[in-house]
Protein chains: 2
Amino acid sequence: MKISQLSAASGVSQPTIKLYLREGLLPPGAKTHANQATYSEAHVRRLGIIRTLTQVGGLSVASAKTVLDAIDSDLPLNWTFGLAQRAASPDVDGTDLSDADLARADDFLAGLTYHDGPGRFGVAKTLRAMAEAGLEADGAWRDSYRKAAEIIGEADIDLIDRREGRLAKAETVVIGTVLGDALLAALRRAAQEHFSSQRYPSRSTETAP
Amino acid sequence: MKISQLSAASGVSQPTIKLYLREGLLPPGAKTHANQATYSEAHVRRLGIIRTLTQVGGLSVASAKTVLDAIDSDLPLNWTFGLAQRAASPDVDGTDLSDADLARADDFLAGLTYHDGPGRFGVAKTLRAMAEAGLEADGAWRDSYRKAAEIIGEADIDLIDRREGRLAKAETVVIGTVLGDALLAALRRAAQEHFSSQRYPSRSTETAP
DNA sequence: GACTATAGATAGTTACAGTATCCGTTATGA
DNA sequence: TCATAACGGATACTGTAACTATCTATAGTC
């Protein structure tokens, strides 16, 4: 398969494929000559994953590369998990978080063991932003969110457990981490519509432009 | 309050404040002369919301303006909801979705009434991406996600119900829609860490760089 | 043997968010 | 009062990220 066919098969333009080759997201094709190479079905599949991560998951090309490298490597699964989480949650580090911010997060996370990482820091950062924006979340709302997160987190780990082999697990970790966020956000919108239209029946016909 | 004080009080640089004034995200100050104006505490608060939407919520300046306009307007709350959902979920429309894509989404959403909108379309788009990426989600995982989404969606609507007055409701809708996604993603990471470390105790010490 | 396609390099484009500079005017304080 | 600083507003610039276009020499094809 030549680059033109790879482009046609994947729906990605030739210059963009060359970009991904340059950046190392896509492995080079098998060289037949100094300036000729052939590509395989694996390249088509890889391009699909790249587009998924960047278009649906919103990852930058650089983040996508980090995550793809983690799939290919033989790092322990834990690391892959951490890398995927980090790639999918940009600029979440502990700096600029006060003790009070972290205490608020730890309070919210009651019942969950936590570690320094995107989870704890992200919760702290978001709760602080909510407080600053004047949205105080009451106990019932918080309990619902924590309960929902527990259900999801366990389901995610179960799903990975059910996979056979390191590669399958790693791919599930990466795709699941990135697309799970998108799916959850979309499901949340659907659920909001559902309960909103139950209580305010006009919503089903009145829709924003 | 002059622009320098507004800048100091909000932590936003003067040129950026001028940018938001130009783009209409921030209402102009009260003119005292042809080239003098004073700003109020409301401007500080407004700047906080703008930064929250753009920095934490990841909204573009243009999307943030749409959403802020919805808060200020006297549109029905339903519309504000739809606008906020749309702003927080970029390029989610029904085009390029096949009947099969929608059927898969509707199957997933079983039990929830759904309408055309970011929820249904986003679910369809994400599930298609998962299928293309070779991540088939089994029934247990799907049930968990739907259950979690129901809990969250209902909690969101309850929270809005408890607010008094249109403005408070509208602000809750907007902030909640945008920051709720971020909070949920962070909680999900924390929960994943929790269950992951329960099953693979090494995770607590082995962390990706 | 004319013509297209190729790999690889280099340069250009677009979109966006933020920054810097300039202008004439207004405020301030020694 | 008058020099200096700050102002509002307009314009232009910077940086970044993701593509996209063009070029060159070579290889495959009809």
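This is a predicted model: local features need pLDDT of at least 70, side-chain atom pairs count only at pLDDT 80 or more; totals for chains, interfaces and linings use all residues.
Sugar and phosphate make up 70% of the atoms of DNA strand D that come within 4 Å of the protein.

Helix 2 of chain A gives the largest share of this surface, five residues. Helices (H or I, at least four residues) and strands (E, at least two) are DSSP runs, numbered from the N terminus.

## Phosphate contacts

Polar side-chain atoms lie by phosphate oxygens of DNA strand D at 2.5 Å for B:Ser4, 3.2 Å for A:Tyr20 and 3.3 Å for B:Lys31.

## Helices 5 and 9 of chain A

Helix 5 (residues 77–88) of chain A packs on helix 9 (residues 166–199) of chain A at about 20°, with the axes 9 Å apart. Axes are lines fitted to C-alpha atoms over the stretch in contact, and angles run from 0 to 180 degrees between N-to-C directions. The two helices are therefore roughly parallel (under 35 degrees).

## Basis

Residues are numbered from 1 along each chain as written, and chains are lettered from A and ligands numbered from 1 in written order. Local features need pLDDT of at least 70, side-chain atom pairs pLDDT 80 or more, while totals for chains, interfaces and linings use all residues, and side-chain values use heavy atoms, without hydrogens and water.

Note on methods. Angles under 35 degrees count as roughly parallel, over 145 as roughly antiparallel, 65 to 115 as roughly perpendicular and the rest as oblique. A residue is near a molecule or strand if one of its heavy atoms lies within 4 Å of it. A polar contact is a pair of N or O atoms within 3.5 Å; within protein, one must be able to donate a hydrogen and the other to accept it, and residues adjacent in sequence count only if both atoms are side-chain atoms.
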